Structures are given as structure tokens and as C-alpha cells.
Amino acid sequence: MTPALSADDLLAEVSVVPLRAFVPVDDLRVIERPGWFQLVTPSFTNGGLNEVAFSALSAEEADAVIARTVAEYAELDIKFRWIVGPGSAPADLSERLIRGGMLLGHDAFGMVRSTEGLTITVDPAITVETVTAATLDEFTAAQSEGWGMPGPQFARANAAALASTMQHLVLARVDGEPAGTASFIAFPRSAYLIGGVVLPRFRRRGVYHAMVAHRLDAARARGIGLATSRAQANTSAPLLERLGFTTVCAFTSYTNRP
């Protein structure tokens, strides 16, 4: 069960509200205008905080905008993604992106569920905690290992997240050893779950489920009744479906680098 919202409001919570689910690092630029939402972060060259998150373009302008945007990121030597989802235009935007040099990334589902009513059995060896300044380095090291990306980039973003009133980081442990990381962003009507990853040696033990349950509890304690997530179709989406999440919409991402 999800809180009673109209279909349009529910779609907005899944596809529009999360546009602002970014960490406010010091060199982030947000480019927003009607039909366009883009993030540019020159220091994050390997991906992250660099994306065209929404684009509703006319057929006449689309190819030129794609070419210009791809060139701008190339000049900065930045990996970025372009997301096609609800409201994206023109109708053949995906084909135009491929013709413009972008590569198919992955499919994802916008998913929702109530923050109430999730009951799972957690292995007593698994604990999940809210990250503090004292545990931020452990969180960053585990996150870097889990995603296979450089730690310094994560460290800057995580420091900014910890200082934010909206961003909430969580760290899972197995027998006290860091085993997984995740976060959520607290919006007025929904908690956007993002970034869940479990280190390979701890997978298939319930760590991911435990981190979802922890975040739902934390959101509910803040008076938030709805949880949302943009879950990759082949990885987290099946896990969230087993935890009662339902699919509202779909997204496909394209990237300028493999």
C-alpha cells in the first residue's frame, strides 16, 4: 500500500521530485529551464553529478542540443548520462541520442511503496546505522569498494551530504565489519532511496533488505509516508519488488562512455 496520492502526484514524486536528489558539492552547476534539467560537476570526471536528468525538446532543436551538450561534456573530459523517461521529448529522443554518439546505459524503474508495514527477518550479525562524522571514513571506503570508484570523489560528496539536512547516509555491518552503504533524501512527501550497494563478499545474506528496512523506518520517523526509488531493472528492482515496491514508470539512460 502507498499513501493516497493521485496518479499525477505519484508520478511527480517518482520522476520530478528526485531531480533535486543531488549532493551540493562546491563546483556543482544546476542548469534548469522549461523542459530541461542538467547537472555539471567538473571535478567528478568519472560520472556522478553529471547528467541531463530531464529534456523535453522540440524535434527541430533536438539534434543540435544533443550535439552541443555532448561536446560540452567532452571538452571538460567528463563522463555523463542522459536520462529518457516520463515527459521526455521528442518521441524518438533515444534514437537521436544514439545517432549523436551516446551509448545505451541501463534501464530502470521508478518504484514506490509505503514506509509502513515492512516486516523482515534480519540476521542478528547484520546491523545498520546512521552515518556520523565518526563513521564517515568507513562509509566512504565501503562505498568506494562497492561501486569500484575512487574514494576521494566520494569523500567530497559524502562530506557535503553529511552537512545537509535532506541527505541521510546509512552503513550496514556484518559482525561489525562494513558490508554495505546506502542513502536517502528526505523530501516533504517522499523519501528517495538511492545508492544501495553491498560488498561482494556479503551479498545474499540480507544486507540490502536490512538497509531498505532501516531507511523506511528512518523516513517514517520523520513523518514521511512514501518511499521512492529509481531501481536498475536487472539488479535492485527485483529486490525492491520482493519488498513490496511497485513500478510507476520506466527510465533508460545513455552515456558518452562505456
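Predicted model: local features only at pLDDT ≥ 70, side-chain atom pairs only at ≥ 80, totals over all residues.
A residue counts as exposed when its relative accessible area is over 50%, and as buried when that value is under 20%. At 81% relative accessibility, Ala4 is exposed, because its value is over the 50% cut-off.

Ala4 lies in the segment before helix H1. Look across from there to Gly225. Along the chain, Ala4 and Gly225 are 221 residues apart, yet their C-alpha atoms are separated by 9.8 Å.

Now follow the chain into H1, residues 7–15. This helix lies across three strands: E5 (103–114), E10 (226–232) and E11 (246–255). Its angle to E11 is about 35°. Which residues of H1 are buried? They are Leu10, Glu13, Val14 and Ser15. The cover over these buried residues includes E5, E10 and E11.

Those strands belong to a sheet. Strands of a sheet pair through backbone hydrogen bonds, and they can run parallel or antiparallel. Here the sheet is open and has 11 strands, with mixed pairing. Read across it, the order is E1-E2-E3-E4-E11-E5-E10-E9-E8-E7-E6. Which strands form the edges? Strand E1 (29–33) and strand E6 (126–130) do, and each pairs on one side only. On average, neighbouring strands of the sheet are turned by 20° against each other, direction ignored.

Start with E2 and E3. Strand E2 covers residues 36–40 and strand E3 covers residues 51–55. They are antiparallel and share 4 bridges. Leu39 has Glu51 in E3 as its bridge partner.

Next comes helix H2, residues 59–75. Its 17 residues reach 25 Å from the first C-alpha to the last. That is close to the 24 Å expected at 1.5 Å a residue. The buried residues of H2 are Ala62, Val65, Ile66, Thr69, Val70 and Tyr73. What covers them includes E2, E3, E4 and helix H3 (93–99). Just after H2, Asp77 has a positive phi of about 55°.

Aromatic rings deserve a stop here. A pair of such rings is described by two values: the distance of the centres and the angle of the planes. How many aromatic pairs does a search of the whole structure find? It finds 2. One is Trp36 with Trp82, an edge-to-face pair with centres 5.6 Å apart and 85° between the planes. Trp36 sits in strand E2 and Trp82 in strand E4 (residues 81–84), so the pair ties together parts 46 residues apart in sequence. Both Trp36 and Trp82 are buried. Tyr73 and Phe80 form a stacked pair, with 3.9 Å centre to centre and 10° between the planes. Why does Tyr73 count as buried? Its relative accessibility is 1%, which is under the 20% cut-off. Phe80, with a relative accessible area of 2%, is buried as well.

Strand E7 (residues 167–174) pairs with E8 in the antiparallel sense, over 8 bridges. In this hairpin, 2 residues lie between the strands, and Asp175 takes a positive phi near 50°. Strand E8 itself spans residues 177–186. Of its 10 residues, 9 are buried, so E8 is largely enclosed by the rest of the structure. On its other pairing, E8 runs antiparallel to strand E9 (residues 191–198), joined by 6 bridges. A hairpin of 4 residues connects E8 to E9. Find Thr181 in E8: it is the bridge partner of Leu171. Thr181 also stands opposite Val197 in E9.

E9 and E10 run parallel, joined by 3 bridges. Ala191 has Ala227 in E10 as its bridge partner. With E5, E10 pairs in the antiparallel sense over 7 bridges. There, Ser114 stands opposite Leu226 in E10. Of the 7 residues of E10, 5 are buried, so this strand is largely enclosed by the rest of the structure.

The charged end of Arg230 sits over the ring of Phe251, at 3.7 Å from the ring centre.

Terms used: Residues numbered from 1 in each chain as written. Heavy atoms only, no water. Pairing = 2+ DSSP bridges. Axes fitted to C-alpha atoms, helices over the stretch in contact; angles between N-to-C directions. Contact = heavy atoms within 4.5 Å. Buried < 20%, exposed > 50% of the residue type's maximum accessible area, 1.4 Å probe, protein only. Phe/Tyr/Trp six-rings, centres within 6.5 Å; stacked < 30°, edge-to-face > 60°. Lys NZ or Arg CZ within 6 Å of the ring centre and 35° of its normal. Expected span 1.5 Å × (residues − 1).
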